[in-house]
Amino acid sequence: MSIRVENVSKRFGKFQALEPLSLEIPDGQLVGLLGPSGSGKTTLLRIIAGLESADTGRILFHGDDVTRVHVRDRRVGFVFQHYALFRHMTVAENIAFGLEVMPKVQRPNAKEIKKRVHDLLEMVQLGQLANRYPAQLSGGQKQRVALARALAMQPQVLLLDEPFGALDAKVRKDLRRWLRNLHDELHFTSVFVTHDQEEALELSDQVVVMSAGKIEQVDTPQTLYAQPDSRFVLGFLGHINVLQGDVNQGRLSQGDAWITLNGHPNAKAVECYFRPHEVKLQTQPSPTAHLPLKVSAVSLIGAEVRVELEADGWSSPEPWEVGISHAEYNAWQPMRGDRCYAVPEVGHLFSSDKTEPELIQWSQAQQSPVVGARSSVVSLFASA
Amino acid sequence: MRTSAHLRIGDQPWVKWSLITLALSLVTLLLLVPLFAIFAQAFSGGLESYIANVTDRFTLHAIGLTLFVAALTVPINLVFGVFLAWLVTRFEFPGRKLLITLIDIPFAVSPVVAGLLYLLLYGSNGWIGSRLMDHDIQLMFSWPGILMVTVFVTCPFVARELIPLMQQQGKEEEEAGVTLGASGWQLFRRITLPNIQWALIYGVVLTNARAVGEFGAVSVVSGNIRGETNTLPLHVELLYQDYNVVGAFASSSLLAGIALLTLFVKSFVEWRQARQRHALNEEEI
Amino acid sequence: MSLAITSAISLNPSKRVLPGFALSLGISLLFISLILLLPITGLLLQTAGMSWNEYWSVISDPRVVASYKVTLWAAAWASAFNGVVGLLLAWVLVRYEFPGKRIVDALMDLPFALPTAVAGITLSALFAENGWYGSILAEAGIKVAFTPLGIIVAMSFTSLPFVVRTVQPVLEDLAVEDEEAAISMGGSDLTVFRRVIFPSLWPALLTGIALSFTRSLGEFGAVIFIAGNMPYVSEITSLMIFIRLQEFDYAAASAIASVVLLASLILLFLINIWQAFYLRRIHGR
């Protein structure tokens with residue numbers, strides 16, 4: 001079932017939780033609402049479910065206007081952030097609840113209910129816990145009971161509020177994979193809320209990035225990551241390194257730092273964003289970039305070595321971060337206080353009057369011949 | 001519950017035991033001895049005179065009237081308390097805080113003033129009472145008046161027990177119930193009620209204890225007609241003023257018994273709730 | 001699907017998710033209006049019928065003024081006494097383990113559960129010159145029953161649980177780390193109590209004392225049996241209202257009641273505002 005959100009807005013007292021916004025969710029997709037807390041993502045999810053009413057706009061399910069349909073009759077499966085399991089009912093009773101409160105005409109008979117509950121328990125792999133109470137379950141188990149309870153009604157729309165928020169890292173990964181499989185198997189339309197970018201990018205067909213009650217960008221995870229179209233999205237998807245300055249004669253400069261911007265008109269207060277993997281470190285500047293930095297910390301944990309650097313002879317609002325491979329690290333062995341130069345391959349340029357960035361690429365050919373020179377450290381960088 | 005590994009003040013044995021001794025002496029003097037005194041006085045004339053006092057015609061009538069009033073007060077305030085608690089814990093609306101404060105008024109008002117309020121309105125000279133008199137309906141100085149002031153005095157108890165609990169439990173379970181298609185009655189019956197049943201029982205017990213024991217407000221509107229509008233606490237007063245001390249304490253012992261029962265139910269309910277909280281805490285780990 | 005939806009629209013125009021808003025609002029407002037607001041309005045109307053001079057002469061009558069003084073003084077002493085004793089009892093109940101602790105904890109609510117008339121005759125019997133306490137005190141030349149001291153005793157008894165029950169939860173939630181840090185820095189027990197524990201305790205203690213004071217101002221049943229009720233000496237204000245009523249002087253009774261009602265409403269609102277304020281400070285919301 002497709003979902004359409006038209007012009008929906010919501011205000012809580014003085015707080016504008018949602019600016020008027022529209023969104024189209026095609027049938028059968030798994031969509032992640034991603035944003036920091038207070039961005040309105042949960043409010044939007046609750047409005048789609050009917051747990052909150054919008055001040056303006058409409059919600060359409062499969063083309064039918066359901067804006068004024070009570071949540072009881074919307075037939076959506078909703079999984080609450082803290083599961084909201086009925087604490088005085090067993091796992092089986094929790095799952096059976098939705099079936100048992102159906103009007104007599106629609107309600108399956110007791111035997112049928114028992115069978116459905118049994119099947120659902122098998123599906124969420126909790127068959128042996130049927131008679132436990134919620135308080136006796138682990139977080140991951142509770143989450144699966146909550147899912148089974150929501151799925152008992154065979155909803156065509158499944159809505160999940162921070163489904164993995166309260167779980168530890170390992171369980172979270174397993175459940176994520178499991179949810180993805182379940183979704184592919186049962187073909188409902190799912191919308192989930194998360195503040196974890198990794199989760200959103202890994203799980204979703206489409207990601208909706210939200211901030212301050214507005215939708216910033218809607219795209220597939222691949223496009224979103226490759227072409228973030230605002231400062232916010234860029235910043236939210238991971239660390240960013242920033243050079244702020246003025247453009248003068250094809251050069252963006254501030255203090256000792258500059259990068260070449262061929263053909264760019266002169267402008268004040270321009271920002272260029274670089275992501276950690278879009279920057280290389282060298283012992284010499286390149287003809288296209290002069291970004292002197294000083295190593296302030298090195299973190300060895302993970303697939304990459306993360307080097308934290310301070311601007312040297314210019315200023316940056318936050319320290320820079322650049323990822324290098326362990327091989328590069330072993331060859332270079334950077335220490336605190338070591339000097340080096342950042343050479344970007346790609347930059348996202350924001351002029352003061354525009355919210356959308358301009359993608360700048362410095363081709364390999366333009367780069368300094370120094371890269372090619374076999375000075376001990378740099379050679380490893382270039383080949384990486 | 002508390003691990004002694006923590007460094008805490010006042011844990012040196014001499015401080016600890018002198019404070020405990022002092023506290024226990026105070027509890028004995030202030031609470032235990034008076035409680036014991038009620039029964040000692042009641043039985044001071046022997047068991048036979050106790051039974052004779054308790055089964056006295058006027059005493060029996062007072063017991064009957066008191067139980068009758070309590071039996072009507074409890075369901076009225078139960079229904080009101082549940083609706084009010086549902087209203088203020090499940091919905092946001094302007095004036096919600098004011099409503100929660102208003103419900104405390106009967107706790108703050110002197111019972112004599114409470115009785116007066118009703119006497120003024122429903123008495124034979126009152127704004128409503130005089131109109132009712134035209135139809136030969138008299139509320140004051142008869143049991144409906146006693147019932148009305150008792151309802152007034154006890155109306156906060158159920159709501160006051162339910163509101164903090166329901167606030168703390170939140171409305172997510174009910175919301176989950178609604179998404180699963182439950183109707184209003186199904187929600188209340190199958191989700192809310194099991195979660196609040198113990199607090200509800202305690203609220204009822206408190207309401208009952210106060211309804212049975214109310215003195216000031218009732219004495220203003222009752223007219224103290226022996227064998228007609230005399231409740232048990234008023235009967236205690238009458239006997240005491242007639243210098244029938246043993247009789248007064250015999251009736252008092254019945255009321256003290258109800259008080260002890262109330263304390264017992266309270267302890268039991270708190271023990272249940274602590275167990276529930278314990279389970280919840282484990283859930284979070 | 002679309003058929004079901006159209007019918008649902010007509011059935012459910014409500015914007016609220018959980019059911020029962022209109023019903024619970026209706027019942028709550030009706031009940032509060034009938035039980036609480038209407039009678040209070042009645043009192044205001046009654047007093048509004050008096051001229052200012054009449055009103056003033058009633059409420060400033062020397063005997064009435066003496067009753068204000070006695071009531072206020074006794075309530076102040078009683079709540080101060082309860083502040084000290086309540087703090088001690090709460091401390092001992094929270095901090096220490098000792099045999100019989102659960103029973104003592106349960107017994108703490110006895111004054112709330114025991115009908116006030118029963119408390120009144122029991123205390124007056126205990127403190128009478130031939131009573132268990134009175135005979136001992138008489139040797140020391142102290143007379144309690146039928147003096148203002150008796151009023152203080154009755155008020156303390158009936159409002160003792162307030163301080164214990166407001167301080168207890170706060171003591172339970174005190175952070176162990178603060179205390180350990182202070183002790184490890186070499187603070188003596190008294191210093192740690194004064195500088196670390198008391199600052200987080202006193203708002204609750206003050207609330208408890210204020211509740212105890214409010215309750216004492218309105219206490220009637222327990223007091224009248226032990227006070228002796230001598231004009232100008234040991235008459236409380238609630239009794240003055242009662243006496244005026246028995247003289248069928250409704251106007252005077254209402255005038256005095258309006259003073260009492262106003263005072264208790266102001267106290268109630270102040271306590272509520274104060275509680276909201278300090279809860280916000282503790283929880284940072």
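Author: Helices (H or I, at least four residues) and strands (E, at least two) are DSSP runs, numbered from the N terminus. The model is predicted: local features need pLDDT of at least 70, side-chain atom pairs count only at pLDDT 80 or more, and totals for chains, interfaces and linings use all residues. Residues are numbered from 1 along each chain as its sequence is written, while chains are lettered from A and ligands numbered from 1 in the order in which they are written.

Reader: What does helix α4 of chain A reach from its first C-alpha to its last, and what is expected?

Author: Helix α4 (residues 110–123) of chain A has 14 residues and reaches 20 Å, close to the 20 Å expected (1.5 Å times one less than its number of residues). Just after α4(A), A:Gln125 takes a positive phi of about 60°.

Reader: Which residues of α4(A) are called buried?

Author: They are A:Val117, A:Leu120 and A:Leu121; a buried residue has 20 or more other C-beta atoms within 10 Å of its own, an exposed one 12 or fewer, C-beta atoms being placed from the backbone.

Reader: What do the buried residues of α4(A) pack against?

Author: They pack against α3 and α5 (139–151) of chain A, contact requiring C-beta atoms, placed from the backbone, within 7 Å.

Reader: How many residues of chain C are in contact with chain B?

Author: There are 77, in contact with 74 residues of chain B. Helix α2 (residues 21–48) of chain C gives the most to this side, with 15 residues.

Technical notes: Two residues are in contact if their C-beta atoms, placed from the backbone, lie within 7 Å.
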